[in-house]
Amino acid sequence: MRHHLVVPALLLALLAGCSSTPMSGSDQTGASVEDRSSGTVQTPGVQTVTPGQGLGDAGIAALKDPNNILSKRSVLFDYDSFTIRDEFKPLIQAHARFLQANPSMKMLVQGNTDERGSREYNIALGQKRSDAVKKALQLLGAPEAQIESVSLGEEKPRCVEASEACWAQNRRGDMLYSGEF
Amino acid sequence: MALALVARAQLAIEISGAGANRIPVAVAAFEGENSLPGTITEVVRGDLARSGLFSVVELGSQPMSVTALPDFMDVRGRGADAVLVGSVVPADGGRLEVRFRLFDTQRQTELGALALRMTAQQHRATGHRIADFVFEKLTGLKGVFSTRIAYVVKTAGRFQLQIADADGMNAQTALASREPIISPAWSPDGSKLAYVSFEAKKPVVYVHSLATGLRNVAANFKGSNSAPAWSPDGRLLAVVLTKDGQSQLYTVNADGSGVRRIASSSGIDTEPAWSADGNWIYFTSDRGGSPQIYRIPASGGGVERISFDGSYNVTPRPSPDGRTIAFVTRNSGRFQVAVMDLASRQVQILTDSSRDESPSFAPNGQMILYATEVGGRGVLAAVSADGRIKQRLSVQAADVREPAWGPLPR
């Protein structure tokens with residue numbers, strides 16, 4: 001069971017990551033910025049903040065092995081749809097089993113939409129997609145507590161052309177494991 | 001010109017439409033401004049011209065002193081209904097005093113006079129204050145030339161939340177990130193921005209003090225946290241959370257404490273916005289099948305549907321006087337900024353573009369700032385609430401989006 005071998009390494013990465021995850025402004029070292037306010041009548045200065053970068057890679061062989069279905073992470077959706085297509089059920093089943101077998105693993109499901117329409121409304125639509133993925137994982141036995149579903153809306157397109165082929169790739173849910181987010 | 005060197009990163013503003021009856025106004029060159037890093041006169045003329053409500057009458061570069069009456073016959077002969085004259089004189093403490101007077105050229109009467117103290121470096125801010133004075137005297141509306149705008153600039157792999165003066169100058173970066181930043185919202189006192197940042201690989205709402213760069217998490221619950229909107233008293237933020245299921249409306253205190261659900265539906269509720277009087281919260285919901293605009297009393301109570309025409313009406317933003325809302329409507333596949341008169345429920349589409357987003361009223365209600373796309377690139381645009389005046393604000397070689405017009409300075 002190679003999964004069991006890799007989990008401790010991942011946990012370490014997770015623990016190391018926790019302390020550096022930028023969750024509040026207090027641990028930001030605000031990069032210096034020109035203070036052009038010069039005490040003007042109505043223009044207070046603005047300080048630049050540069051958030052820390054995300055975690056490094058935590059190698060989990062099975063999750064990265066291109067021959068393993070677990071290396072596939074994306075569930076694509078039809079236009080204006082939040083239903084999981086049959087072709088993605090084996091993928092979701094594999095991840096549900098992996099989560100069940102690895103109770104210390106956490107998963108972040110990120111829902112995405114194409115670029116049309118209001119950004120905030122698209123956050124809500126992307127959430128419906130990540131919720132659909134999460135629910136499908138749960139139905140196949142994955143424990144709820146291991147999964148967080150969130151939305152990136154239209155903000156992280158995989159493809160940036162304004163075409164249907166491109167938009168289809170952007171209507172998706174991505175499954176990320178601890179150490180990958 | 002020294003200004004041209006810094007202008008690359010600035011928002012450039014062009015006007016593509018003007019008011020039907022522009023007020024002809026002359027701004028005489030300010031006496032004694034040659035020692036300043038730039039002229040006050042050009043700031044005032046530029047502000048008034050860009051507003052679309054004035055035509056600035058040519059008066060040459062000969063300064064007119066504030067201490068003498070202007071030659072009314074001459075100024076009137078050039079077609080100006082009003083003339084502004086001003087002088088810059090030394091004041092104590094190494095500061096300068098700018099004295100100015102505005103006259104009605106027909107009645108040959110003074111409409112108002114004021115003196116402002118400044119340092120030489122403050123000549124632009126002073127010019128905006130003077131333009132605000134002229135604007136208010138001649139239109140009866142508060143000027144918004146001293147306000148600031150926030151927006152997000154996207155360059156390759158980099159997002160910057162920037163703050164600029166309303167004329168696009170003096171742009172400064174409040175937050176630079178590799179992850180997206182959306183939905184900036186000004187606190188009513190203009191000292192803070194709430195926004196959504198994806199730096200934690202999910203949407204989290206932050207409150208950011210502009211002067212210090214200090215920020216706190218206002219909402220980081222399990223799931224997504226987005227769409228912050230300030231209550232008019234600055235104490236609460238309405239936010240959209242998914243901690244209990246689908247996107248739903250909550251309020252939190254600005255420090256992130258005291259989360260409270262304010263509405264519930266079986267569908268999506270998002271994009272809350274408080275009316276200026278604090279009585280209503282407008283929002284977008286698909287509870288009726290398609291995204292439409294609704295409102296709920298801020299103190300709780302029954303939800304009322306506001307929009308009915310079409311299948312996509314989103315992002316409601318109440319006007320400062322509470323009489324209209326600006327929103328985005330989908331019209332034959334095009335997303336356009338529209339206004340609705342709340343008394344008659346009559347809708348007017350204000351733009352002829354097709355990718356409009358994020359409308360935001362100027363604090364005097366006269367203009368609506370929004371994001372749109374030109375040639376595949378994000379730009380900001382502004383349109384007057386009557387649809388006549390149109391401006392475009394763009395940054396060279398960058399995508400600009402998510403504008404928010406700041407409050408009047410206090």
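Student: Does Glu402(B) count as buried or exposed?
Tutor: Glu402(B) has 25 other C-beta atoms within 10 Å. The cut-offs, with C-beta atoms placed from the backbone, are 20 or more other C-beta atoms within 10 Å for buried, 12 or fewer for exposed, and in between for partly exposed. So Glu402(B) is buried.

Student: Before we go on, what pLDDT do local features need in this model?
Tutor: Residues are numbered from 1 along each chain as its sequence is written, while chains are lettered from A and ligands numbered from 1 in the order in which they are written. This is a predicted model, where side-chain atom pairs count only at pLDDT 80 or more, totals for chains, interfaces and linings use all residues, and local features need a pLDDT of at least 70.

Student: Back to Glu402(B): what is its phi?
Tutor: Most residues other than glycine have a negative phi. Glu402(B) lies in strand S32 of chain B; strands (E, at least two residues) and helices (H or I, at least four) are DSSP runs numbered from the N terminus. Although Glu402(B) is not a glycine, its phi is positive, near 55 degrees.

Student: How many residues of S32(B) are buried?
Tutor: Strand S32 of chain B spans residues 399-405. This strand is mostly covered, with a buried count of 6 of its 7 residues.

Student: Which residue is the bridge partner of Val153(B) in S32(B)?
Tutor: Strand S9 (residues 148-155) of chain B runs antiparallel to S32(B), joined to it by 5 bridges. Strands count as paired when DSSP finds at least two bridges between them. Within S32(B), the partner of Val153(B) is Val400(B).

Student: Where is Lys201(B) found?
Tutor: Lys201(B) is another residue that is not a glycine but has a positive phi, about 65 degrees. With 18 C-beta neighbours inside 10 Å, Lys201(B) counts as partly exposed. Its place is the loop between strands S13 (192-197) and S14 (204-209) of chain B.

Student: Why do S24 and S27 of chain B each have one side without a neighbour in the sheet?
Tutor: These strands belong to an open antiparallel sheet of 4 strands, ordered S24-S25-S26-S27 in chain B, with a twist that averages 30 degrees from one strand to the next. S24 (313-318) and S27 (346-349) stand at the edges, so each has a single partner strand.

Student: Which residue of S26(B) stands opposite Thr324(B)?
Tutor: S25 (residues 324-331) and S26 (residues 334-341) of chain B pair in the antiparallel sense over 8 bridges. Opposite Thr324(B) stands Asp341(B).

Student: What does the angle make H2(B) in relation to H4(B)?
Tutor: The axes of H2 (residues 40-50) and H4 (residues 123-139) of chain B come within 8 Å and cross at roughly 45 degrees. Axes are lines fitted to C-alpha atoms, for helices over the stretch in contact, with angles from 0 to 180 degrees between N-to-C directions. Under 35 degrees is roughly parallel, over 145 roughly antiparallel, 65 to 115 roughly perpendicular and the rest oblique. H2(B) is therefore oblique.

Student: How many residues of H2(B) are buried?
Tutor: Among the buried residues are Ile40(B), Val44(B), Asp47(B) and Arg50(B). H2(B) is followed by Gly52(B), with a positive phi near 80 degrees. H2(B) is mostly covered, its buried count being 9 of 11 residues.

Student: Which residues of H4(A) make the contact with H3(A)?
Tutor: H3 (residues 89-101) and H4 (residues 119-139) of chain A pack at about 65 degrees, with their axes 8 Å apart. The residues of the contact divide into 6 nonpolar, 1 polar and no charged. Contact means C-beta atoms, placed from the backbone, within 7 Å; nonpolar covers Ala, Val, Leu, Ile, Met, Phe, Trp, Tyr, Cys and Pro, charged covers Asp, Glu, Lys and Arg, and the others, Gly among them, are polar. H3(A) gives Ile92(A), His95(A), Ala96(A) and Leu99(A), and H4(A) gives Val133(A), Ala136(A) and Leu137(A).

Student: What pattern does chain A follow along the sequence?
Tutor: Chain A has 5 helices and 4 strands, and 38% of its 181 residues count as buried. Of its contacts with a separation of 6 or more, 69% come from residues 24 or more positions apart. Read along the sequence, the pattern is α-α-β-α-β-α-β-α-β.

Terms used. Contact = placed C-beta atoms within 7 Å.
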